[in-house]
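Here are a few notes to read alongside the structure you are about to see. Take them one at a time, with the model open beside you.

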Amino acid sequence: MNKKAASVIMITFEILVVLLVVYMTVSIGKAYGESDQVTKINAAEELRMMIDTLVAVPGDAIVSYPQEVSKFSFILTRGSISVFKKGEEENVWIVTTFFLPENYDAQGTVLEANYVCLEKLNKKIILKKCMEVADNKVPPQLGSPDDTGIYTYDAGVLATPLYYRYQDKSWEWSPDKSYWMSVNTMVVTGGKFDKQKPAQENIKLIRYLQKYNPPIENE
Amino acid sequence: MNKKAQFAAARKTIYWMIAGLVITLVVIGFAMVIASYRNNLAKVPPEIRAELISLRFTSNPDCFAYNISDKVILGTIDLVKFNEETLLKCYSTASAGGIKTFNFRLKLESSGEEITTDKYANVDKFTIFKEVLVKRQTGLFKDRLIIYVQEKIGT
């Protein structure tokens, strides 16, 4: 084989190796990026902290977990909470433990509900599906508005918080409180987020507001 | 193939054997870094967890909170209940193996009274302070509850 042929083969081989390494690293990054593991861990940890807080509340109480969790299922027992996706092997479930005082109990199973609630009834903590938000109600994850009537929704660590307001009998949203878009559009027009789209959680919320246009009392 | 060409071919082969090993290690290392980053994203500071667990000490009448029949006075410690037997009923770690989770030492600053959970081993990581009212026979007195927190010991 002459030198030129050998070097062409070597160059081709080296290019193939580089492409393979790039493909492997991108695949690994994509697999971790698309994984729901962080969301499951966050849900389990947050529910555990909510249970600890409920134990400290004297009397009865009910609290709603603010994130939409229709992808996941939950099992609550006296000492642990498990979060998993339907069909997953038990060894990949996320399980966190907590400690209840004596005479306390905890139970409940929720499978792929939009919202879950924790209710404390007479020393018993129950995990259950929340009552569905009526179509003409403001979604609970928007919380309460500030003094100017603007709602803030933080969809998590990887998403920019979005602001919402009810103006002239319809809803608007904004990433920066300066440029406001109608809920009929999903793209920012203006400002530093120009031409960008919101995160998936916020898109769901915008679609809900577009579809039901829940009114605000005393607007 | 002459000697020079043979040497070049052998050199390339050795190079690619070493490069293949290094690339594999780099890819595995990259996966581990991303996994570690992802775990850190979901980490809850232990101070927050301990603070939420310790809320029950001064708010739940099954722990130390003073209550008059059904009415609970929040932020109080009933000295009659302030003992290790009540603490064990209020917060028991037996189901989780004891030392593999939070353990506490509770101390009332003014009176010096101190109680600990059953697997407390004097390995304090941080401290929580709570201003409380202590119910004694003669009435309610202001005090400070110092909660020494021991985190998980071992893997």
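1. Let's begin with the overall make-up of chain A. Its secondary structure comes to three helices and 11 strands. Please keep in mind that this is a predicted model. Starting at the N terminus, the elements run α-α-β-β-β-β-β-β-β-β-β-β-β-α.

2. Two figures describe chain A as a whole. Of its 219 residues, 21% are buried. Among contacts in chain A with a separation of 6 or more, 47% are between residues 24 or more positions apart.

3. Next, the sheet. Seven strands of chain A form an open sheet in the order β1-β6-β7-β5-β2-β3-β4, and the pairing is mixed. At the edges stand β1 (61-64) and β4 (94-97) of chain A; each has a single partner strand, so one side of each is left without a neighbour in the sheet. On average, neighbouring strands of this sheet are turned by 15° against each other, direction ignored.

4. One pair in chain A deserves a visit of its own. Strand β6 (residues 116-121) and strand β7 (residues 124-129) of chain A pair in the antiparallel sense, over six bridges. If you want a place to start looking, A:L121 stands opposite A:K124 in β7(A). As background, strands of a sheet pair through backbone hydrogen bonds, either parallel or antiparallel.

5. Now to helix α3 of chain A, residues 200-212. At 1.5 Å a residue, its 13 residues should span 18 Å, and the end C-alpha atoms are 18 Å apart, which agrees. Just after α3(A), A:N213 takes a positive phi of about 40°.

6. Which residues of α3(A) are buried? They are A:N202, A:L205, A:I206 and A:L209. These four cover an arc of only 100° around the axis, which puts them on the same side of α3(A). What covers the buried residues of α3(A) includes β8 (151-153), β9 (162-167) and β10 (170-174) of chain A.

7. Finally, look at where the chains meet. Here 25 residues of chain A are in contact with 29 residues of chain B. On the chain A side, α1 (3-34) and α2 (37-56) each supply at least two residues, and α2(A) gives the most, with 10 residues. The residues on this side of chain A divide into 14 nonpolar, eight polar and three charged.

Notes:
Residues are numbered from 1 along each chain as its sequence is written. Chains are lettered from A and ligands numbered from 1 in the order in which they are written. This is a predicted model: local features need pLDDT of at least 70, side-chain atom pairs count only at pLDDT 80 or more; totals for chains, interfaces and linings use all residues. Two residues are in contact if their C-beta atoms, placed from the backbone, lie within 7 Å. Ala, Val, Leu, Ile, Met, Phe, Trp, Tyr, Cys and Pro count as nonpolar, Asp, Glu, Lys and Arg as charged, and the others, Gly among them, as polar. The expected span of a helix is 1.5 Å times one less than its number of residues. A residue is buried if 20 or more other C-beta atoms lie within 10 Å of its own, exposed if 12 or fewer, and partly exposed in between; C-beta atoms are placed from the backbone. The arc is that of the directions from the helix axis to the C-beta atoms. Two strands pair if DSSP finds at least two bridges between them. Axes are lines fitted to C-alpha atoms, for helices over the stretch in contact, and angles run from 0 to 180 degrees between N-to-C directions.
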